[in-house]
Amino acid sequence: MDIQIAKEEKTHILTLSGKLDGVTAPVYEQQVMALLEADPCSLIIDFASLDYISSAGLRALLATAKRIKLKGAQFHCANVTGTVREIFDISGFSSILRMHDSVAGALAAIG
Amino acid sequence: MRATKSIARTFTLIVSVCTVLIFSVAIGSFYHRSRVALEQEVANNAAHLVLASINRVETTLHAIGKVAEDTSRSLEIAGYHDQSLTTLLKETLLDNRDIHGFGAAFDLNPAFNPPHPVVPYYFRQGERLVFAPEGNFQHLSQDWYQIPKELGQMAWSEPSFDKASGTILMTSCSVPIFSDNGREKQVRGVVVADVSLEWLTELVASIRVLDTGYSFLLSRNGTFLTHPDRDLIMNETIFSLAESRHKPDLREIGRKMVLGESGFVAYTNIHDVSTLMYYAPVPSTGWTLAVVFPEAELYADVRNLTLVVAGIALAGILLLTAAVYWVARRVTAPLGALAEATEAIASGHFDTELPAVKSSDEVGKLTLAFTAMTGALKKYIRNLTETTAAKERIQSELKMATDIQASLLPQLFPAFPDRPEFDIHAAMDPAKEVGGDFYDFFFIDPTNLCFLMADVADKGVPAALYMMVAKILLKTEGQRLGEPEQILSRVNEILAADNDSCMFTTVFCAILNTENGEVRFANAGHNAPVLISGGQANFLSIRAGFVLGPIAETVYTAERITLEPGDVLFLYTDGITEAKSRSEELYGEERLLQTLQAASRQELAEMIRTVRAEVFRHADGAPQSDDVTMLAIKYRGMAARNP
Amino acid sequence: MPLVPSNFIIANRHMRRREHAITGNRRLAMWIGLAVPLVLFWLCLAHARAEGLAKVRLMPLWSPQAQFAGYYMAREKGIYARYGLDVDILEGGPGRSPLQSLISGEVDFAVLWLATALQQNDDGLKLVNLAQIIQRSSLMLVAKKASGIAGPADLQGRKVGLWAGELSLPVLAFLERYHLHVQRISQAYTVNLFLRGGIDAASAMWYNEYHTILNAGINPDELQVFSLHEHGISFPEDGLYALEQGYRKDPARARAFAQASLEGWRYAFAHPEETLEVVLRRMREAKVPASRSHQQWMLARMRDLIMPADATETLGRLQLAGFQAAGTILHNHGVIKDIPDYATFTGDADAGH
């Protein structure tokens, strides 16, 4: 799984590609936590290139949301589509996480 | 071991060979140049020596020749005859102490008016002069007369021993006396001076040539006039010697000498001694004086010096060889020992002692490095062994944990034989890695059966532990609260309280009213079950709901459906739909529906077996990555109670 | 070594006559001096006869050299003794004449040239040829190629060295044969005149002077050689002679001497190294210049000249043809009036061989 980190208007934009599962979730978690420690600010994850997410991945997202909340920042998800969207829907994550159709939309939401 | 020895040897050999070569070239070159220089020196010295000696000889002989010549001229010009002639001869002899005998010999032809005696002759005897004329006319056919007569010029005769003692070497200088006939000059007589060559042989013998060198004098014909080997004198010519000793090169040298040449030549003499010879002619007589330098003596000094130098060089080379070899061994021996020790270590004896580090050079460093490596290797292997053992232990414990887990789920079927109004069947096939799928069913009260399916997030031990907790909570709260949404809410609260790790589980919780077939259910993020009714299998449309555990405030909503007798509700986890084939194709919801459709008439146990079989067939040997869990419940209706 | 020139012999005779003209006292002393040894000699002879060995004396033609090796070896190896002879070999050479010694009775046998013997015979002194040692002529004329002499014709008008007496006769015959008129220069005992270029061609014996010339540094390919026998002039040379009356007194003894001498020659040729040593020793004793290689050459040539060349020759036998050829040349040159009878000359008539 590949994680691209970008910064735009004091907001981290993570672009995930590949799979977020039991193997890659720890890696993701470690990177994001380090990122938030170093530079705590809002985070947008772009799911456009993510093919699959497992329960481990969902768990990692939860941890991400919790940490961001602690830091007093916002966590948004963008371009959650396909299989990942289905999983989000079934597991109810769609209603818990802030979802947007585009990164721009998410940025706008952060304001 | 052999390898390190040959490095030392090869190195030593190369060094030795190179050193030997260098020294050989140097010494050889030095020796050769010295010899060349010395030879040049010798040639010069020899020339001086010979020419000086020849000069001394020549001076005397030339003077004698002059006397004879002057006398002859006198006899030609003035009319000396008989008495005046003999007086002239006597006086001349008196004046010239170098001459032994002096006289004249005349042709008998009356036209020349020969004197009487025809051969007046004086010779010395001690202090006296003896008059000894010869009247036997032998002179006419003797060399000393004939040669100057026929050649018309002064001639020195071939030396011979004197008649008196036969021990003194004599020669004669004869000069023709011409008479002018007006038309042509004719020889009418000869003036002859006999010369003893004792002084000459002494002079030549006194020529000092090194210690073992010598000189010799050859006559015009090549006869030895002087020579250290007295047997040769007057007996052999240089040519007869060359013939008897089979030395053609000597003959060639002799011919050059006889021709009056001078030269410096290398020559191996009759005693097989290598020599250098310088020769030059005595101008008056055409004799040849030669000095012979034995090469061995000549070059003795140079050779000795070279030998000393060579000896020193050799000693030096030997020392160098020994030193080089010693150093090489010092280097390679530890390497050899190191190699041996390494071999031992490689074969598993990690505690093999490496050779002690004696030096701080490269070999010492190598040894230290090896020691460090061995230590690290030992530690690593120890760790590995421990880790492997630990891992294996964990594996076995996990296996046990999985077994324990599986055994916790209700496995006894038929579960409620005495309640024919419904049937329930379930199965769970755990994946390799211990997982977190579970199901449960239990009576809340005699009429309400609670049944649920859950999928804990992630895998491994955390999932397994969470699963245990969730299952127990669900059961206890389930039996206490009796309504699905309440059960989920309550359990969610409890779980969310100590949930730093954000673990969650999906749960589908349902309660069947066995009297009327009503099913009340609530969903926490679990996939929708399949309702098989009237031979049709379709996914139940349900609300999603958030997963159980992370957020305490999550609200769950109850829904209800009513099962007609014969309806089957099929609960499952994503282990079925996400089962991958070898080509990574998911089993998928469609196939599940198809399978359930096809098995709709089967008894639950069989249906579950079918689904399981289908899933495993789809997997076709691909490793099972997730637990395969399913629960099927069929409502038969109250009528089934009383057949 | 060439034969002693005849004028020397003549001179010798002169000297001997002068000696005779010495005072009477000395004459008496001489007689006594002569008588005593004669008595002793007779006593020795008797003694020798009693022992079985007859004492005889030989004078070779010239000084000791390999030319007379056969006689030295016959004595050295006891061959003469086996033939019942005790041979005393005197020294020849300058101042000595084997002919004179033979005539005076000083020696019983002498080595002489055939020409000399023929001449003496003609003079009235009868000699008997006991054995012809050298079968063919070894006389040659030697010239330097560099002087432009390549053939006999080139000798025309040139200086030619001739020995005195009968030794020159073969050369004169050669010159006659080719109708050559040359400047005749008398040649002594050496080749120095030739070596110095004083004469253009020198008389030489193959076994002697020729090799001397080589040993003076001239290479054979630099010499133009005329071997007289190749040009049809072949004089038998050295032979063993006795006075005819001496021979008649005891022909058996003379024959024995000849046979023993021939056997001595055979031995010498079979043992050249040993023979050389003996010859050189004798030469040194006589204070004659002795060159080993020269004697070696001489001995080898002697072998060529003495041993029969083919079946027609016999060792030691005077060939009739050679005898007659020599005699004819001498006769033609007026040296002898008559050629003696072959049988008488060789003692065949007496011995009946």
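What area is buried between chain C and chain B, and what percentage of it do carbon and sulfur atoms give?

Modeller: The model is a predicted one, and the values that follow are computed from it. Between chain C and chain B, about 2,300 Å² is buried, and carbon and sulfur atoms give 42% of that area. Chain C brings 26 residues to the contact, and chain B brings 26 residues as well. On the side of chain C, the residues that lose the most area to chain B are Leu193(C), Arg196(C) and Asn215(C), which together account for 28% of what that side buries.

Two salt bridges are counted between chain C and chain B. One pairing is between the side chains of Glu222(C) and Arg255(B), which meet in a salt bridge at 2.5 Å, N to O. As for secondary structure, the elements of chain C that give two or more residues to the side touching chain B are strand S7 (183-186), helix H8 (192-195), helix H9 (209-214) and helix H13 (292-306). Of that side, the largest share, three residues, comes from H8(C).

Chain B also meets chain A. There the buried area is about 1,300 Å², with 62% given by carbon and sulfur atoms. The contact takes 16 residues from chain A and 20 residues from chain B. In chain A, Arg59(A), Leu62(A) and Ile90(A) lose the most area to chain B, together 39% of what that side buries. Arg59(A) also takes part in a salt bridge, its side chain meeting that of Asp458(B) at 3.1 Å, N to O; the count between chain A and chain B is one salt bridge. Five residue pairs in polar contact are counted between these two chains, with both residues at pLDDT 80 or more. Helix H2 (55-71), helix H3 (82-91) and helix H4 (93-96) of chain A are the elements that give two or more residues to the side touching chain B, and H2(A) supplies the largest share of that side, seven residues.

The largest nonpolar core has 95 residues, of which Leu58(C), Tyr71(C) and Leu130(C) touch the most other members. Helix H11 (residues 251-270) of chain C contributes the largest share of this core, 10 residues. At least three residues of the core come from each of domain 1 (54-136 + 236-351) and domain 2 (139-231) of chain C. Neighbours within four places in sequence aside, Tyr71(C) is in contact with Leu58(C), Tyr80(C), Ile89(C), Val111(C), Ile133(C), Leu240(C), Ser261(C) and Trp265(C). Apart from this core lies another, of 56 residues, including Ala47(B), Leu85(B), Leu169(B) and Val291(B).

His227(B) lies in the loop between strand S9 (224-226) and helix H5 (238-244) of chain B, and it counts as buried because its relative accessibility is 14%, where the cut-off for buried is under 20%. A polar atom of the His227(B) side chain lies 2.9 Å from the backbone nitrogen of Asp229(B). Beyond four places in sequence, His227(B) is in contact with Tyr214(B), Ser215(B), Phe216(B), Leu232(B) and Ile233(B).

Conventions. Residues numbered from 1 in each chain as written. Chains lettered and ligands numbered in written order. Predicted model: local features only at pLDDT ≥ 70, side-chain atom pairs only at ≥ 80, totals over all residues. Heavy atoms only, no water. Core = buried A, V, L, I, M, F, W, Y, C linked by side-chain atoms within 4.5 Å. Buried < 20%, exposed > 50% of the residue type's maximum accessible area, 1.4 Å probe, protein only. Helix = DSSP H or I, 4+ residues; strand = E, 2+ residues; numbered from the N terminus. Domains from an automatic or database assignment. Contact = heavy atoms within 4.5 Å. Buried area = accessible area lost by both parts, 1.4 Å probe. Salt bridge = Lys/Arg side-chain N within 4 Å of Asp/Glu carboxyl O. Polar contact = N/O pair within 3.5 Å; in protein donor to acceptor, adjacent residues only side chain to side chain.
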